[in-house]
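I opened my notebook to look up a helix, its neighbours and a couple of loop residues. Here is what I wrote down, entry by entry.

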Amino acid sequence: MTDPSVRVPTAGVAMTAIGVAVIRARESARPDRLYDDPLAAAFVAAARPAFDDDRWARLEVLADQFYEGRSLAVKVADESFGAAVAAGCEQIVLLGAGLDTRAFRLGLPAETVFFEVDLPELFVFKEPVLAAYRARPECVRRVVAADLRADWARALTAGGFRRDAATLWVDEGVLDYLPRRDAHAVIETVTELSAPGSRFGIGRFRVDSAAARYRDLRELVSADSDAARPVNGLGPDAESWFTAHGWRTTFRAWNDLVAPYGRPGLGEVPGMGTVLAVRE
C-alpha cells in the first residue's frame, strides 16, 4: 500500500510503533513463528514510502537489535490476554496501543471490549490502513485518541469504559517514555478506574540506557542523541506502589515465562521478569 494520502508518523514516539510492526512482520514470516500478525506487514508496507533510504535502514537495524527480546515480549503479552479474559476481565485497555492488532488476531470473545489509547496522529495512520485491508476485529474495538499526559480518562469513559467491570490494563513500554511524574499519574488514574479483579502487568527489566542501541533509538526518535536523558517511567518502586494502593502482586521470572517457546532469552539476569498486579 503506497497511498500518498496516508500520514505516516516518521518522528517522535509514535514512530516507534512502526519499528515494532517491522519486528512483528518478521516474526510472522518465520515457519516457526510464535504468533501470526498479517496486518503488521500491511503497516510496514504503508509506512516505508514515507522514509528515505537512510532513515529506513537505521530503523531496520534497530529492529534487528531489539528483535529477539521484543518478539518474545509480544508472545508473553499475548498469553496474558487470554489469561485475563479467563479470569473474568471484560475489558482490555491498551495504553500506548501503537499499531497493535490483538483485537483482530487473538480470538478474543466477541463481547470483550478492547480500548486502544494512543496519540491522535497514530490513529490518523493506523485506521486508513486497517480500512484499506478490510480488517475486522473479533471483539468490540474502540479507539481512544488521547495523550496519556492529559485527561485521557475522560476520553476513555466517553468511549464506553465501565468502571464496574474488571479490566486488563496493558503497558508495553509507553510509560517508559513519560516523565516519572506523568507515568505515576497514569497508574493513579488506572487505580481509580479499576474494579476488583482488574489486572496490570509491570515489567521488571534492567535497561542500560547508555547502551548503543538505546542511544541510537533516542537519536532516531528525537534527532537529538546528546540531549540529557530524563527520569522516565515508574521507577524501581512500582511493585511496592501497587501493593500499597490496593493491588495484590506476584512475580514471574523472565526466563520461566519464555522457556516454553524454545527461543534464546535475554540471559540469566536475577530479578528480571514481570509483576502481575491484581486489584483487590
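**Entry 1: helix H2 and its surroundings**

I am working from a predicted model. I began with the partners of H2: its buried residues pack against helix H1 (16-28), helix H3 (53-86), helix H4 (102-105) and helix H5 (120-132). Next I asked which residues of H2 are buried. I found Leu39, Ala40, Ala42, Phe43, Val44, Ala46 and Ala47. That is seven of the ten residues of H2 (residues 38-47), so the helix is largely enclosed by the rest of the structure.

**Entry 2: H1 against H2**

I then looked up how H1 and H2 pack. Two packed helices are described by the angle between their axes and the distance between the axes. For H1 and H2 I noted an angle of about 130°, with the axes 8 Å apart. That angle makes H1 oblique to H2. I also noted that the crossing of H1 and H2 is left-handed.

Which residues meet here? From H1 I listed Ile18, Ala21, Val22, Arg24 and Ala25, and they meet Ala40, Ala41, Phe43, Val44 and Ala47 of H2. Sorted by class, this contact has nine nonpolar residues, one charged residue and no polar ones.

**Entry 3: Thr101**

Thr101 came next, and I found it in the loop between strand E1 (91-95) and H4. Is Thr101 buried or exposed? Its relative accessible area is 1%; buried means under 20%, so Thr101 is buried. I saw a polar contact of 2.7 Å between the side chains of Thr101 and Asp37. Leaving aside residues up to four places away in sequence, Thr101 touches Arg24, Asp37, Leu39 and Phe43.

**Entry 4: Ser194**

My last stop was Ser194, and I asked where it sits. Ser194 lies in the loop between helix H7 (180-193) and strand E5 (199-204). With 9% relative accessibility, Ser194 counts as buried. What does its side chain reach? I found the backbone oxygen of Val190, at 2.6 Å from the side chain of Ser194. Again not counting residues up to four places away in sequence, Ser194 touches Trp169, Trp247 and Arg279.

Key
Residues are numbered from 1 along each chain as its sequence is written. This is a predicted model: local features need pLDDT of at least 70, side-chain atom pairs count only at pLDDT 80 or more; totals for chains, interfaces and linings use all residues. Side-chain values use heavy atoms; hydrogens and water are left out. Buried means under 20% relative accessible area, exposed over 50%, partly exposed in between (1.4 Å probe, protein chains only). Helices (H or I, at least four residues) and strands (E, at least two) are DSSP runs, numbered from the N terminus. Contact means heavy atoms within 4.5 Å. Axes are lines fitted to C-alpha atoms, for helices over the stretch in contact, and angles run from 0 to 180 degrees between N-to-C directions. Angles under 35 degrees count as roughly parallel, over 145 as roughly antiparallel, 65 to 115 as roughly perpendicular and the rest as oblique. A crossing is left-handed if the near helix is turned anticlockwise from the far one by less than a right angle, and right-handed if clockwise. Ala, Val, Leu, Ile, Met, Phe, Trp, Tyr, Cys and Pro count as nonpolar, Asp, Glu, Lys and Arg as charged, and the others, Gly among them, as polar. A polar contact is a pair of N or O atoms within 3.5 Å; within protein, one must be able to donate a hydrogen and the other to accept it, and residues adjacent in sequence count only if both atoms are side-chain atoms.
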